[in-house]
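I open a page of notes on this structure.

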Amino acid sequence: MLSIQHVSKRLGNRPVLQDLSIHIHTGEVYGLLGPNGAGKTTTINLICNLLQPDSGTIAVNGQPVTDATCHWVGIVPQENLLYRSLTCAENLSFFARIYGVPRRQRAARVAQCLQAVNLLDRANARVETLSGGMQRRLSMAIALVHQPKLIILDEPTTGLDVEARYEIWELIRQLKHQGITTLFTTHLLEEAERLCHRIGLLKQGRLLTEGSLADLQQHIAAEEILVLETDDEERAIARAIKLGYTCRYYGGDLALWLPERQELQTILQNFDGIPIRSISRQPVRLEHIYMELTQQRVPPTPAFEGTALQSANLPPFNPHH
Amino acid sequence: MTGDSGRDGRVLGYGRTITPALASGCHADCQEPCLRTNNCGGVKPDLMKYGRETLAIAQRILIELVRRRRSLIFWTIFPILILLLNGYLLTESDFVDLTQAEAYRIAVPTSLVGAALFFSCLGGSVSTIVAEREQRTLRRLFISPVSGLSYFFGVFLVHTYIGLGQALLIYTTAAVMGAPPEGALWLALLIILLSIASYVGVGLILGTQFAQRTEDVNALVATFGVPLLILGGAFVPSNLLPERLLLLAALNPIYHMVEALTLAAGNFDETGLSTELVSHVQFLLGFAVVAVAGGWLAYRRMVRVERRL
């Protein structure tokens, strides 16, 4: 459905995208992750023909991107770009006309889209009276009103409270269940983990890696992650290295990669004699993979050099690797 | 399944069945993306697209105006007030000896094309662009398939409604004050439409290129507008202008609008339209074409520069 091949783009002298290649299959939900400035929104601009790539090609549904292909794409921008003094139904009806929804179908389509985002009861409410979450849902309805083949959501939950975020997730899940091809950008790892078939990690315009969560977990040679709180980190780290665990700091927390699952009792025995305040065991999550990849690979370096370690007194990597 | 049932009924959002054809094309004969309808079909854009987009934009701006009410009320009060002031001023003036009917007949062109249309059409179209920019809906339009031409005609259509409404108010008020419309009304209508087109064209140029914020609208209208209005005879009759300023006034479209509408109200020679009237209309026509082309190009430039998410 969407094919981005070897696309590079500079804005001024700054390379924004470098040899980016992404292929999204029909019905797939693809999450493009990256920090601010990674090139996510630029990628969307290119897909929507708002920018031209310096090199490479982009195709939607097999057609090179042009103004005409924008009929196949529905976009939910980062901000709620809505006519505030118009009602929900009027906003939708306006965009339905702009996108050429035939008059006979327009009223029904507007009602369907409002129902889809659970705003049918607010059809005649002015946008300025809606909460941020409702406005974001209306933005999603606008993206759907012309029945696009590809939906693009640019950081759809940014700035929303928890409840509104769950509502948007539910909507994305519904798109997923219907097999609607969806590309969304986010810097919320949990969001991507929950919703995507495949995830691409973008940093400084380069795609560091992509794949399903299971594929990405291969980047961390661990069965689970052990987060330790101790007053004697040096000894804990020395013990961990002796045991063959890889040590990392994630957000200031000491984390150890356990190469295989172990009983809690065994783990405690392994750290016998070290004052431990708490231990938590976690599965390998996207945040660990993300930290591992984003903090190592730009500029590209051999695996596990220049690690995610933030502490000067922590050995940077496991000698077994 | 509700609404326009498609080929593959699907469930979207909170378990409700909707948007049945989201991932499929909509016309059986189409493989390519097109501008004809929504997401499929032939490859040629058609005039219907421009018509549909123009009406959508015009309707949307009108709804917003009606919602705000205040603007519409002021656009109603303003021309009547200007006409009454101008008419009273000329009637009571010691410098000219005019009946009330004559005074109001003279006041109609200056009040309408010189003042009312200037602020509603030029100021209004600048405000339309700035409002879109400030609520960032311009960006939403940029990612939609709407064309610059449709946008221009949508704005033009709205201000044509407003301008014609103001013309109706002014002519009605003048008639009540004893000066019913005279002369070639079709010509008056043509001059009013050319004036609206000129103002909207210039408004789009100023709005797209110079006005980033609401505060800019006031400054722009004052800087560009007030000198042109004075030179155009909107506030001070042009026959009071010194010769040097009259030379400058000859380059001022507002001057030609006022003069053309004044002459259209009755001054015909035996062979039909006077050469003076024709020359004013010709200038106005030329200016309207340039303003419309400039407005369209300015919109295109804005799209090229600002078209980003």
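**Entry 1: one residue.** I looked up A:Leu201 and found it in strand β9 of chain A, which covers residues 198-203. The model is predicted, so I treat every value as computed from the prediction. Is A:Leu201 buried or exposed? I counted 26 C-beta neighbours inside 10 Å, so A:Leu201 is buried; the cut-off for that label is 20 or more.

I then listed the contacts of A:Leu201, leaving aside neighbours within four places in sequence. They are A:Leu33, A:Gly34, A:Leu208, A:Thr209, A:Tyr290, A:Leu293 and A:Thr294. I also checked A:Ile225, which is 24 residues from A:Leu201 in sequence and 21 Å from it in space, C-alpha to C-alpha.

Entry 2: I followed β9(A) to its pairing with strand β10 of chain A, residues 206-211. The two strands pair in the antiparallel sense, over five bridges. Across this pairing, A:Leu202 stands opposite A:Leu207 of β10(A). Two residues lie between the strands of the hairpin. At A:Gln204 I noted a positive phi near 50 degrees.

**Entry 3: the sheet.** Which strands make up the open sheet, and in what order? I read six strands in chain A, in the order β6-β7-β8-β3-β9-β10, with mixed pairing. At the edges stand β6 (73-76) and β10 of chain A. Each of these has a single partner strand, so one side of each is left without a neighbour in the sheet. Neighbouring strands of the sheet are turned by 15 degrees against each other on average, direction ignored.

For a parallel example I took strand β7 (residues 150-154) and strand β8 (residues 181-186) of chain A, which pair over five bridges. A:Leu153 has A:Phe184 in β8(A) as its bridge partner.

**Entry 4: helices on the sheet.** Helix α5 of chain A, residues 162-178, packs on the sheet and touches β3 (29-33), β7 and β8 of chain A. The direction of α5 makes about 150 degrees with that of β8(A). Helix α10 of chain A, residues 286-294, lies across β3, β9 and β10 of chain A. I read an angle of about 35 degrees between α10 and β9(A).

**Entry 5: two domains.** Chain A is divided into domain 1 (2-216) and domain 2 (219-294). Their C-alpha centres lie 37 Å apart. How many residues does each domain bring to the contact? Domain 1 of chain A gives 11 residues and domain 2 of chain A gives eight. On the domain 1 side, α6 (189-195), β9, β10 and α7 (213-217) of chain A each supply at least two residues. By class, that side has eight nonpolar, one polar and two charged residues.

**Entry 6: the nonpolar core.** I looked up the largest nonpolar core, which has 177 residues. Those with the most contacts inside the core include A:Ile47, A:Val145 and B:Ile191. Helix α3 of chain B (residues 100-134) gives the largest share of this core, 16 residues. Leaving aside neighbours within four places in sequence, the contacts of A:Val145 include A:Leu92, A:Phe95 and A:Cys113.

**Entry 7: the chain as a whole.** Chain A has 10 helices and 14 strands. Of its 321 residues, 48% are buried. The C-alpha trace of chain A spans about 75 × 45 × 30 Å along its principal axes. Among contacts in chain A between residues at least 6 apart in sequence, 71% join residues at least 24 apart.

Methods: Residues are numbered from 1 along each chain as its sequence is written. Chains are lettered from A and ligands numbered from 1 in the order in which they are written. This is a predicted model: local features need pLDDT of at least 70, side-chain atom pairs count only at pLDDT 80 or more; totals for chains, interfaces and linings use all residues. Helices (H or I, at least four residues) and strands (E, at least two) are DSSP runs, numbered from the N terminus. A residue is buried if 20 or more other C-beta atoms lie within 10 Å of its own, exposed if 12 or fewer, and partly exposed in between; C-beta atoms are placed from the backbone. Two residues are in contact if their C-beta atoms, placed from the backbone, lie within 7 Å. Two strands pair if DSSP finds at least two bridges between them. Domain bounds come from an automatic or database domain assignment. Ala, Val, Leu, Ile, Met, Phe, Trp, Tyr, Cys and Pro count as nonpolar, Asp, Glu, Lys and Arg as charged, and the others, Gly among them, as polar. A nonpolar core is a set of buried Ala, Val, Leu, Ile, Met, Phe, Trp, Tyr and Cys residues joined through C-beta atoms within 7 Å. Axes are lines fitted to C-alpha atoms, for helices over the stretch in contact, and angles run from 0 to 180 degrees between N-to-C directions.
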